[in-house]
Amino acid sequence: MSDRVETLEFQAEARQLLQLMVHSIYSNKDVFLRELISNASDALDKVRLESLVDKDLQVDTTDLHIEIEVDKEARTLTVRDNGIGMSRDEVVGLIGTIAKSGTAELLRSLRESKDAAASQELIGQFGVGFYATFMVADRVTLLTRRAGQAGGTRWESTGEGTYSVETVDDAPQGTSVTLHLKPADAEDNLHDYTAEWTIREIVKRYSDFIAWPIRMTVEKPGEDGATTREEQTLNSMKALWARARDEVDEAEYKEFYRHVAHDWADPLETIHMRGEGTFEYEALLFLPSHAPLDLFSPQGRRGVQLYVKRVFIMDDCDALMPNYLRFVKGVVDAHDLSLNISREILQQDRQIRAVRRRLVKKVLATLKDLSAESYRTFWSEFGAVVKEGLLEDPDNTEALLDLVRAASTHDPAELTTLRDYVERMRDGQTEIYYATGENRATIENSPHLEAFRAKGYEVLILTDPVDEVWVERVGAYDGKTLRSVAKGQVDLETDEEREKAAAERQEYADLLTWMSGALADSVKEVRLSTRLTTSPACVVGDAHDMTPTLEKMYRAMGQEVPRVKRILELNPTHPLVTGLRKAHEQGGDGTALTETAELLYGMALLAEGGDLADPARFTRILADRLARNL
Ligand SMILES: Nc1ncnc2c1ncn2[C@@H]1O[C@H](COP(=O)(O)OP(=O)(O)OP(=O)(O)O)[C@@H](O)[C@H]1O
Ligand SMILES: [Mg+2]
């Protein structure tokens, strides 16, 4: 019986990986338990499958489960399963070596990279698996019996280069892994893994949806003061996403949504999908019915959780959902990833990118198909965020433009689609007109809109900060240029009106030249307007100038942007403007004329909801004028 106990050396690569574990490169040591439970769960899956395929296999599959046991005195933690188990050869092959391809390569890069963050990232491509136990234990014992075989195998190691294997006569079916725990060390994130509460927390966090029961015997104070022991199942096992759609009822979806989204309300819509083929995954996503408070905060939560075969990997997995869909909540369970994968690796993973593309398409298609009523709710809560997609996601511009809803002068309350706007466009109209500003009332009363209103052109009213940017970026819809009513020259006139305007320009030439000089510090030009009917003046930008709102936005974000001078437009039919022209022709008082020019400019700024550069001076001039007229 001399071959019963054997001391063997770990394969070179395994030894190196173990070194990394022993001198732990991870700050999150809790993950060892997730690795053990994941292995146990795989082993249970395998025994069930094998018992179905091989009817003669001598196995007991009546109560497949995982068990956690602690011994506070001995400071041990055992994770036990009654799954497939391993033969002696398998133990040597599977635990003593690393079979995965690319290991040598990985370890070489690990050795070469000196910094810890880079190592974390590299090892994320690879599973740390069973060896993670050596982060928290200085000795690990494994006892296992392969289902259908008589004898068992005992394996033990301190993680230092060698391990022992011993054939034993009797062992229960399955595998138990016993960790002889290192002393707890809070500073090193090494918790007390014999504490019931700690184990509960870790199981809840990482392994709640494992399909097999994870049991633990816990102590409870009994009625007579004595403690009683009771076996409890720690995990809920309810991985809804792994079930077929028609096997899940609405109430279960809702309950699960509340769980992942930490939301008290029901979701607006549920998306349950499955990806098959080379990269398998399941996704259960939800569109919330209301926006969270941190929707616009950079620290806000992003929603989608990543699982690998029902094991929780991370919250807020930004590799799976673009920023502009950050309100989408739920779970993506990808089958073929390492449990240890890092965010950085995920970002670069080709398959993850493909999954993300599919998820985005699915979310956009779902939005398109929402009922009118649901969509109204959705848009009022999340529209401003979705529009960010027009900047971030050029691949989906078309789909996103079809989702856009905007207020419009066409209807005081109902929002319109761009499609409907285009259908209502007047004969000969080639552009889509829009106005941006802080709120509907200011925009509607702004002088920029006067001619459009007088001539019956519909104007979109855009009040979200992001609107300024996306209209510029997108430029056109359905071949029609998106055109700001506050920029460039407006051409809404008939030939007759054009002739009249040319004559007026002659008449006003002197005044305009003088005023352009008098206001040169504030505006780049003073000209006659074709967009005013009732106001005396307005300020407009050149077609490609930055708008004042955008300027403000960039400054608020701490970016230096040059101050853009705009153009002052005068209404040649307004008495204040005709009066000023006459006064100027007659060579009136220079100071009074300049002050009137300043007043005109200031009023134009106020009318569009803008800010005066020197409000005190403006009010003083105005008060003087009013006093003189009393
Ligand atoms: N409880 C167990 N029952 C049966 N076999 C096990 C058990 N634990 C580990 N094994 C075997 O040992 C192998 C190595 O485990 P390890 O956790 O290191 O890697 P893995 O599970 O294959 O991959 P990863 O954990 O990185 O996803 C497993 O593939 C499995 O064959
Ligand atoms: Mg594993």
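The exercises below, each with a worked solution, concern a predicted model.

**Exercise 1. Describe how the chain is divided into domains, and characterise the contact between domain 3 and domain 4.**

Begin with the division itself: domain 1 covers 14–221 + 229–233, domain 2 covers 240–383, domain 3 covers 404–484 and domain 4 covers 496–628. Turning to domain 3 and domain 4, their C-alpha centres lie 24 Å apart, and the contact draws on 13 residues from domain 3 and 20 residues from domain 4. The next step is the area, which comes to about 1,400 Å² buried between domain 3 and domain 4, with 55% of it on carbon and sulfur atoms. On the side of domain 3, the residues that lose the most area to domain 4 are Pro-447, His-448 and Glu-450, which together account for 39% of what that side buries.

**Exercise 2. Find the salt bridge and count the polar contacts between domain 3 and domain 4, then state which elements and residue classes make up the side of domain 3.**

A salt bridge requires a side-chain nitrogen of Lys or Arg within 4 Å of a carboxyl oxygen of Asp or Glu. One such pair is found across the interface of domain 3 and domain 4. Glu-497 and Lys-455 form a salt bridge in which the closest N and O atoms are 3.2 Å apart. As for polar contacts, six residue pairs are counted between domain 3 and domain 4, both residues of a pair being at pLDDT 80 or more. On the side of domain 3 that touches domain 4, two or more residues come from each of helix H14 (440–445), helix H15 (450–454) and helix H16 (465–474). Sorted by class, that side of domain 3 holds five nonpolar, four polar and four charged residues.

**Exercise 3. Work out the strand order of the six-stranded open sheet and identify its edge strands.**

Read across the sheet, the order is E16-E15-E18-E17-E20-E19, and the pairing is mixed. The edges are strand E16 (411–417) and strand E19 (476–477), each of which pairs on one side only.

**Exercise 4. Trace the partners of strand E4 (residues 137–145).**

On E7 (residues 174–181), the count is eight bridges to E4, with the strands antiparallel, and Ala-137 has Leu-181 as its bridge partner there. E4 is also joined by five bridges to strand E5 (residues 152–157), again antiparallel, where Val-140 stands opposite Ser-157. The hairpin of E4 and E5 has six residues between the strands, and in this hairpin Gly-148 takes a positive phi near 95 degrees.

**Exercise 5. Explain which parts of the chain the salt bridge between Glu-6 and Arg-88 ties together.**

Glu-6 and Arg-88 form a salt bridge whose closest N and O atoms are 2.5 Å apart. Glu-6 lies in strand E1 (residues 5–9) and Arg-88 in helix H3 (residues 88–95), so the pair ties together parts that are 82 residues apart in sequence. By the rule for salt bridges, the count comes to 48.

**Exercise 6. Locate His-335 and list its surroundings.**

His-335 is placed in the loop between strand E14 (329–334) and helix H8 (343–348). Leaving aside residues up to four places away in sequence, His-335 touches Glu-280, Tyr-281, Glu-282, Val-308 and Lys-309. With Glu-282 there is a side-chain polar contact of 3.4 Å. The C-alpha atoms of His-335 and Tyr-307 are separated by 8.2 Å, these residues being 28 residues apart along the chain.

Key
Residues are numbered from 1 along each chain as its sequence is written. Chains are lettered from A and ligands numbered from 1 in the order in which they are written. This is a predicted model: local features need pLDDT of at least 70, side-chain atom pairs count only at pLDDT 80 or more; totals for chains, interfaces and linings use all residues. Side-chain values use heavy atoms; hydrogens and water are left out. Domain bounds come from an automatic or database domain assignment. Contact means heavy atoms within 4.5 Å. Buried area is the accessible area (1.4 Å probe) that two parts lose on being put together, summed over both. A polar contact is a pair of N or O atoms within 3.5 Å; within protein, one must be able to donate a hydrogen and the other to accept it, and residues adjacent in sequence count only if both atoms are side-chain atoms. Helices (H or I, at least four residues) and strands (E, at least two) are DSSP runs, numbered from the N terminus. Ala, Val, Leu, Ile, Met, Phe, Trp, Tyr, Cys and Pro count as nonpolar, Asp, Glu, Lys and Arg as charged, and the others, Gly among them, as polar. Two strands pair if DSSP finds at least two bridges between them.
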